[in-house]
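Hi,

Here is the structure you asked about. Please open it alongside the notes below.

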Amino acid sequence: MKKVDVRLGKSSYEIHIGPGILSGVGNQLKESGFSDKLIIITNPVVNRLYGEALEQNLTREGFKVAILQVPDGEEQKSLETAGRLYHELSNLYAERTTPILALGGGVIGDLAGFVAATYLRGVPLIQVPTTLLAQVDSSIGGKVAVNHGQLKNEIGAFYQPRLVVSDINTLRTLPPKELANGLAEVIKSAVVWDEEFFTYLEANLDRIKSRDNRVLEETVFRPAKIKAEIVEKDEGDLGLRNILNYGHTIGHAIESAAGFKVGHGEAVAIGMLVAARISNRLGILDISETTRLRSLIRRANLTAETPNLELDKIIQAVRHDKKILGGRVRFVLPRAIGDVFITDEVSPSLVGEVLIDWNEET
Ligand SMILES: NC(=O)c1ccc[n+]([C@@H]2O[C@H](COP(=O)([O-])OP(=O)(O)OC[C@H]3O[C@@H](n4cnc5c(N)ncnc54)[C@H](O)[C@@H]3O)[C@@H](O)[C@H]2O)c1
């Protein structure tokens, strides 16, 4: 098992990463000082796969476990679902010391985290992420939220978990599309922070896809460590942490312009490539770096089918972005693989040109 320390003073915690460690959660929680009652929040898909075994393990260790389920899907990240969960927690007489354990992907982690942050002004939160995206990204750093209307993550908090347990065996049951979604964030962390890890991914991508345990462990560990390091330097997301938005500015425009028919990972992947192309155009990034990035993204099964992307709509979405109209949208651009910077000097027309070229070339 590998460990990552997230050093945030009183809010410090550990991330445990390894195969089969779900069976040690009860013992780990006892060592961390928890006992008695514990509430698992999950969905039926993950519960069927891992809920029962986890419940048995916790019960064996003396915990009184209750499982609260919400249906699968992003639409459950809502105030309405949070409200229903508050009600159920109250019925179970959950107290301020009763931990909530989020078992699932980023949707469950964000929702259960939001509930944990707000119920009784905050109860302990344990993250047990089961998707690659959640293990490398959403379970770390304390951003918890629900969506509101059309706005994603509009209502939320910074609320750090007490412990993160990433059992990489859970990634074996993950559909390939979800693995690819997580890989977009894995590749992102390499580009923003660690060229050597990017080289590792180039050498080992096929083993990730075939779910080789040793390689998966490293593939979760390295981005977790990178994110921990960045969050330690900028917990409140006021500066450095913005670099984790690499690929997301264009990615979000693509997602909304395509009516969310393009997967999040694919949208971020295109966003990362467009940002790289912008950097090429500005004479900052060497073209060979973009070629490397494009090749890795393709091998991760992430390139979107270009004919399905309505470029006009994307460009329109970028042009109509209020922040862009104000001329101050912040782009994260690579200088080289492993080194990015933040700028607000990118014009919407340059974004448009690069998008059109990119569509013609790919
Ligand atoms: N808080 C943050 O910092 C942060 C960062 C990035 C993304 N997010 C959020 O994360 C969410 C996306 O998370 P996600 O990509 O994990 O999606 P998700 O939680 O919807 O999970 C994807 C699918 O995989 C299923 N699943 C989960 N674990 C599985 C397993 N081990 N085997 C088989 N199926 C499994 C889920 O039931 C779901 O159908 C978004 O809401 C996004 O806003 C938050």
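Start with helix α11. Its buried residues are Glu289, Thr290, Leu293, Leu296 and Ile297. They cover an arc of only 130° around the axis, which puts them on the same side of α11. The general rule: an α-helix has 3.6 residues a turn, so residues three or four places apart point the same way. Keep in mind that this is a predicted model.

What do the buried residues of α11 pack against? Their partners are α6 (176-193), α7 (195-209), α10 (264-281) and β10 (331-336).

Asparagine 301 follows α11, and its phi is positive, near 60°.

Now the sheet. Seven strands make an open sheet with mixed pairing, in the order β1-β2-β9-β6-β5-β3-β4. β1 (2-6) and β4 (64-69) stand at the edges with a single partner strand each, so one side of each has no neighbour in the sheet. On average, neighbouring strands of this sheet are turned by 20° against each other, direction ignored.

Look at one pair in detail. β3 (residues 37-42) and β5 (residues 100-104) pair in the parallel sense, over three bridges. Isoleucine 40 stands opposite leucine 101 in β5.

Two helices go with these strands. Helix α2 (residues 44-60) lies across β3, β4 and β5 and runs at about 170° to β4. Helix α3 (residues 79-91) packs on the sheet and touches β3, β4 and β5; its direction makes about 155° with that of β4.

Best wishes

Conventions:
Residues are numbered from 1 along each chain as its sequence is written. This is a predicted model: local features need pLDDT of at least 70, side-chain atom pairs count only at pLDDT 80 or more; totals for chains, interfaces and linings use all residues. Side-chain values use heavy atoms; hydrogens and water are left out. Buried means under 20% relative accessible area, exposed over 50%, partly exposed in between (1.4 Å probe, protein chains only). Helices (H or I, at least four residues) and strands (E, at least two) are DSSP runs, numbered from the N terminus. The arc is that of the directions from the helix axis to the C-beta atoms. Contact means heavy atoms within 4.5 Å. Two strands pair if DSSP finds at least two bridges between them. Axes are lines fitted to C-alpha atoms, for helices over the stretch in contact, and angles run from 0 to 180 degrees between N-to-C directions.
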